[in-house]
Amino acid sequence: FGSRHGGGGGPTPGRLRTRPTIGMEPPGYTPDTDSGGLYHDDQSEDADATRGRSLLAARHVVDAFDASSLWKEGFSGKGVKAGIFDTGVKADHPHFRKIKERTNWTHERTLNDGLGHGTFVAGVVASQDGECPGFAPDAEIHTFRVFTNDQVSYTSWFLDAFNYAIATEVNVINLSIGGPDYLDLPFVEKIDEIVANGIIMVSAIGNDGPLYGTLNNPADQLDVIGVGGIDYRDKIASFSSRGMSTHELPHGYGRVKPDIVAYGRDVMGSKIAGGCRSLSGTSVASPVVAGAVTLLASVVPRERRWEILNPGVMKQALVEGADVIAGGPMIYEQGAGKLKDRKSVV
């Protein structure tokens with residue numbers, strides 16, 4: 001979703017600017033050539049929801065990962081602070097139990113979501129709605145509005161928001177954003193600082209597939225959990241970016257990315273003012289993993305939770321618990337395999 005520009009008031013001369021990436025690729029979307037390849041919906045939201053409900057007899061993404069078995073044991077994200085870096089959310093949205101704090105880092109004077117992207121992402125993580133449930137409905141939601149309704153953002157906005165996330169001790173951050181700008185060193189180094197402070201970072205690998213070497217930043221960074229997308233037949237989604245990582249070349253070697261894949265096609269999530277819709281893209285798969293991470297974190301007893309958990313431990317748990325997809329996908333397409341929530345607990 002969107003792109004980072006290199007400066008506070010506008011793109012800094014001489015700094016590589018990231019191209020926009022397709023944040024969501026809903027069925028029926030058509031490219032808008034006037035907006036840098038971003039997508040606009042030419043179908044009604046009701047049609048989206050109807051199509052999503054018919055998919056596999058209304059199978060919810062949380063059901064696919066057996067989240068309800070953890071809910072029955074009393075684990076639902078309680079006490080975990082989930083940071084959603086996106087386009088914001090309404091304070092009184094009916095799908096959310098605990099919107100703890102909303103902050104705006106853009107030049108627009110609003111905390112609300114005028115686009116729908118941020119609400120959808122937050123819903124996948126923590127919706128309590130029965131039609132489009134999230135993984136961790138009792139998590140504390142902290143929204144960081146870093147994109148405008150025109151899908152614009154700047155590096156400086158992210159840096160300020162990241163500093164605030166560190167100061168407020170957010171536990172998990174979802175970034176359903178990306179671009180190829182690994183030369184944006186202030187941003188790249190701030191990601192490293194975020195992880196060094198014990199914050200678990202989950203990010204979409206990008207929607208520039210099926211070509212190889214199309215990973216987006218920051219999901220291509222070593223300490224970030226980079227998420228690719230699959231469909232409900234466990235096939236790699238055509239839009240999902242592929243590894244290997246390329247920015248080390250020719251002086252090093254390409255690393256395996258994505259780290260893991262999750263369902264990212266026809267996933268149900270929250271609409272701006274209530275109700276549900278079906279959308280697709282790796283920026284859908286990313287909050288699936290972020291939601292699962294938030295849920296998994298709540299399994300650890302609260303008094304020792306952040307003594308035990310850190311980004312490395314959580315990444316290892318996800319990778320070790322993943323199911324390798326048989327039948328052909330290369331490691332540069334699926335990473336360790338498909339997210340398996342329950343196995344990661346074990």
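This is a predicted model: local features need pLDDT of at least 70, side-chain atom pairs count only at pLDDT 80 or more; totals for chains, interfaces and linings use all residues.

**Buried cysteines and a helix pair**

Q: What do C132 and C276 form?
A: A disulfide, with the two sulfur atoms 2.1 Å apart. The cut-off for calling it that is within 2.5 Å, and by that rule the count is one disulfide.

Q: Where do C132 and C276 sit in the chain?
A: In distant parts of it: C132 is in the loop between α4 (117–126) and β5 (140–145), while C276 is in strand β11 (residues 276–279). They are 144 residues apart.

Q: Why is the disulfide left-handed?
A: The torsion about the S-S bond of C132 and C276 is about -70°, so the disulfide counts as left-handed.

Q: New topic: how do α4 and helix α7 cross?
A: Their axes come within 7 Å and cross at roughly 35°. The crossing of α4 past α7 is right-handed.

Q: Which residues make the contact?
A: From α4 you get H117, F120, V121, V124 and V125. The α7 side includes S283, V284, P287 and V288. The contact residues split into eight nonpolar, four polar and no charged.

Q: And the whole protein, how many helices and strands?
A: It has 11 helices and 11 strands. Of its 346 residues, 58% count as buried.

Key:
Residues are numbered from 1 along each chain as its sequence is written. Side-chain values use heavy atoms; hydrogens and water are left out. Helices (H or I, at least four residues) and strands (E, at least two) are DSSP runs, numbered from the N terminus. Axes are lines fitted to C-alpha atoms, for helices over the stretch in contact, and angles run from 0 to 180 degrees between N-to-C directions. A crossing is left-handed if the near helix is turned anticlockwise from the far one by less than a right angle, and right-handed if clockwise. Contact means heavy atoms within 4.5 Å. Ala, Val, Leu, Ile, Met, Phe, Trp, Tyr, Cys and Pro count as nonpolar, Asp, Glu, Lys and Arg as charged, and the others, Gly among them, as polar. Buried means under 20% relative accessible area, exposed over 50%, partly exposed in between (1.4 Å probe, protein chains only).
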